[in-house]
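Me: I have a structure open and have not looked at it before. Can you walk me through it?
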Amino acid sequence: MYKLEPIAANSAIVYITSPDPITATGVIQRLAAHLDRTFADQLTDYVPANRSLLLQFDSPQHCRLQALNAAISHFLDHADETPDTVSRLHEVPVLYDGEDLYPVAQQTGLSVNEIIELHSGPVYTVVAVGFLPGFAYLSGLHKSLRLPRQITPRARVPQGSLAIAEEYSGVYPQASPGGWHLLGRVPVPLVFPFTDLKPGESPNRFAVGDQVKFRAITGADYAALGGRRCE
């Protein structure tokens, strides 16, 4: 069910071999909390991702695979007794006017309205944050909307673009190259300046394990919420 590998003198990575990314995310969250308690004086950082957990220790002497295996095995043997971690639900407004809406309709055989309904219907789970600071990989995309990445990526995807590719949806926190299919625009920021944060707060709107629900809005709503014009 898991694989543990050293990746440096004072760090290791745990892979959870669940076929379901949302199930794996829940296990990883609870495992991270368990290991944080077990190695409280030695574990300096951990990074949850899609089906993996990176562990960083304060010294090579404290990164002991035997002790880690024992702690992970104990957690898995008692996983049913471990309470779920608290996750947040974010409602995110989106103007569905992306330039790939009609190409996606052609590829899927769906109407634009059906695409919007299928995309805004589910509650997504954040299974990883990466690629760009604050970029969340959202699992839960309807099977009818799962398409491979574009063969030729765009040199520049505008900030706030809502996109899909393969089994994921995501929103670009800032302008970037990208090969996902653009469905719309989100008018709210996903990354906050450090100068606006209180001690201990994350600059990212989303964290692994959070849930996200998209809400379709009009162009007037988008402008009222401070959305930018198309770049």
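Reply: A term to start with: two strands pair if DSSP finds at least two bridges between them. The model here is a predicted one.

Me: Fine. Which strands form the open sheet, and in what order?
Reply: The open sheet has 7 strands, in the order β5-β13-β6-β7-β10-β9-β12, with mixed pairing. Its edge strands are β5 (89-94) and β12 (181-185), each of which pairs on one side only. On average, neighbouring strands of this sheet are turned by 35° against each other, ignoring direction.

Me: How many bridges join β5 to β13?
Reply: There are 6 bridges between β5 and β13 (residues 211-216), and these two strands run parallel. As one example, P93 has R215 in β13 as its bridge partner.

Me: And what about β10, which strands does it bridge to?
Reply: β10 is joined to β7 (residues 136-139) by 2 bridges, antiparallel, and to β9 by 4 bridges, also antiparallel. L138 stands opposite S169 in β10, while L162 has V171 as its bridge partner there. β9 and β10 form a hairpin with 2 residues between them. E166, in the turn, has a positive phi of about 55°.

Me: Which way do the residues of β10 point?
Reply: Y168 and G170 point one way, S169 and V171 the other way, and all are buried.

Me: Which helix lies across these strands?
Reply: Helix α4 (residues 112-120) lies across β6 (123-129), β9 (161-165), β10 (168-171), β12 and β13. The helix runs at about 150° to β13.

Me: Changing topic. How many aromatic pairs are there?
Reply: The structure holds 9 of them. In one, the ring centres of F39 and F57 are 5.8 Å apart and the planes are at 85°, so this pair is edge-to-face.

Me: Why does that pair tie together separate parts?
Reply: F39 is in the loop between α1 (21-38) and β3 (43-49), whereas F57 is in strand β4 (residues 52-57), so the pair links parts that are 18 residues apart in sequence. F39 and F57 are both buried.

Me: How far apart are the ring centres of F131 and F135?
Reply: Their centres are 5.3 Å apart and their planes are at 90°, so F131 and F135 are edge-to-face. F135 is buried because its relative accessible area is 1%, and the cut-off for buried is under 20%. One aromatic cluster takes in F131, F135, Y137, Y168, Y172 and W180.

Me: Which charged residues sit over rings?
Reply: Among them, K3 lies over the face of Y15, at 5.4 Å from the ring centre. R185 has its charged end over the ring of Y222, 4.6 Å from the centre.

Me: What about R156, where is it?
Reply: R156 lies in strand β8 (residues 154-157). With a relative accessible area of 48%, R156 is partly exposed. R156 and Q174 are 18 residues apart in sequence, and their C-alpha atoms are 9.9 Å apart in space.

Me: Now the whole thing. How many helices and strands are in the protein?
Reply: The protein has 5 helices and 13 strands. Its C-alpha atoms fill a box of roughly 55 × 40 × 35 Å along the principal axes. Of the 231 residues, 45% are buried.

Me: What share of the contacts comes from residues 24 or more positions apart?
Reply: Such residues account for 62% of the contacts with a separation of 6 or more.

Notes:
Residues numbered from 1 in each chain as written. Predicted model: local features only at pLDDT ≥ 70, side-chain atom pairs only at ≥ 80, totals over all residues. Heavy atoms only, no water. Phe/Tyr/Trp six-rings, centres within 6.5 Å; stacked < 30°, edge-to-face > 60°. Buried < 20%, exposed > 50% of the residue type's maximum accessible area, 1.4 Å probe, protein only. Lys NZ or Arg CZ within 6 Å of the ring centre and 35° of its normal. Axes fitted to C-alpha atoms, helices over the stretch in contact; angles between N-to-C directions. Contact = heavy atoms within 4.5 Å.
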